Amino acid sequence: MPTIAFTHHLQRHAPAHTVAVDANSVAAALNLVFAAYPALRGYVMDEHSHLRRHVAVFVNGAMLRRGDVLSNPIPPDAEIYVMQALSGG
Amino acid sequence: MSVCELPDFSDESLLRYSRHILLPEVGIEGQQAIGAAHVLVVGMGGLGSPVAMYLAAAGVGRMTICDDDTVELTNLQRQIAHHQADLGRLKVESAAAEIARLNPEVQVEALARRVSDEPLQALVAAADVVVDCCDNFPTRHALNAACARMAKPLVSGAAVRFDGQLSVFDLRHAESPCYHCLFPDDGGEANDGPCATFGVFAPLVGIIGSMQAAEALKLLAGIGESPVGRLLTLDARSMQWRSLKFKRDPDCPVCLQRP
Ligand SMILES: [Zn+2]
């Protein structure tokens, strides 16, 4: 089953550990997590259900094209990682 | 740059840089390239401090450093180029003094202003490598756009709390992605809060900043491989790194401006 994990930065609103998700796309996986952590949605998605600015999603360590990443089918062993750009210096 | 422009080494310089010159990956030629180089460092805070200090110690010939802030007490916990006696002083003046203490051979141009305005392209054009140590997204995007247009390598680092990020955008090469390919600035407002309200673990900026200095020197001396198309992320709580791959986005509006 695919798994999903969130950068520490988002873990105030998201699961603190990697969780298994019965999903065949990143969008489906995110929706499962949003159901349990409703506040998370606003940090990951914008009002048009696109990835929010400065959020990036990696599947098995590689970024997919931004337009496709949510809807493309993912393999059963997919490890989804949701992260956010940092600006601090 | 041509060989005739490279500086000759005095006996003292040979001694000063001997532990670099002894490395076959650096050698005399690599050290000469470092000495002939001009690096633009944007931000003289937590990341900019170790970047400027390591580049100075390593003998980078010219550095332009930019920051419009003054040194505050809250900075001294991690911004190691600045000292107690520098409180209230411009960070670029304090850092320039620290660079001179480390290595008086380095020529420093200290610019006490934010760089997300007009002279940015000229500043980037004059540099061999640009190091992004700033604390805000508008400057990160502006620097990326200038480096894309001028085809300059950009060493990008960021650090907040216990989390660090590092990547190199080598915009001299067509296949390299840019910062905007990785983190586009469309898609609503960023929902990540003002960075000044977060804490920062003191040595985290030393870890990430030292890596930025390493990547800048590698680019200047032509050593090894840069993490181009790879975002390295550090969670210093567990000291776990991730290496995440990304490619140039064919729809990236910044990359469309590249020569
Ligand atoms: Zn791009």
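Let me start with one side chain: Arg101(B) is exposed, with a relative accessible area of 55%, where exposed means over 50%, buried means under 20% and partly exposed lies in between, computed with a 1.4 Å probe on protein chains only. What we are looking at is a predicted model, in which local features need pLDDT of at least 70 and side-chain atom pairs count only at pLDDT 80 or more, while totals for chains, interfaces and linings use all residues; side-chain values use heavy atoms, with hydrogens and water left out. Residues are numbered from 1 along each chain as its sequence is written, and chains are lettered from A and ligands numbered from 1 in the order in which they are written.

Arg101(B) meets Glu98(B) in a salt bridge at 2.6 Å, N to O, a salt bridge being a side-chain nitrogen of Lys or Arg within 4 Å of a carboxyl oxygen of Asp or Glu. Both residues sit in helix α5 of chain B, three residues apart, about one turn of the helix; helices (H or I, at least four residues) and strands (E, at least two) are DSSP runs numbered from the N terminus. Glu98(B), at 9% relative accessibility, counts as buried.

Asp69(B) is partly exposed at 33%, whereas Lys91(B) is buried at 4%.

In helix α9 (residues 202–221) of chain B, Glu215(B) and Lys218(B) are three residues apart, about one helical turn, and their side chains form a salt bridge at 3.1 Å, N to O. Salt bridges that share partners also join Asp163(B), Asp235(B) and Arg237(B) into one network. Over all chains, the structure holds ten salt bridges.

Now, how many salt bridges cross between chain B and chain A? The rule finds one, and it joins Arg65(A) to Asp251(B) at 2.5 Å, N to O. There are also 13 residue pairs in polar contact, both residues at pLDDT 80 or more; a polar contact is a pair of N or O atoms within 3.5 Å, where within protein one must be able to donate a hydrogen and the other to accept it, and residues adjacent in sequence count only if both atoms are side-chain atoms. On the side of chain B that touches chain A, the largest share, four residues, comes from β8(B). The contact, meaning heavy atoms within 4.5 Å, takes 43 residues from chain B and 25 residues from chain A. The buried area is about 3,000 Å², of which carbon and sulfur atoms give 54%, buried area being the accessible area (1.4 Å probe) that two parts lose on being put together, summed over both.

Finally, within chain B, an assignment whose bounds come from an automatic or database source gives domain 1 (1–32) and domain 2 (37–257). Between these two domains of chain B about 710 Å² is buried, with 45% from carbon and sulfur atoms. In domain 1, Arg16(B), Tyr17(B) and Glu25(B) lose the most area to domain 2, together 51% of what that side buries. The count of salt bridges between these domains is zero, although five residue pairs are in polar contact there.
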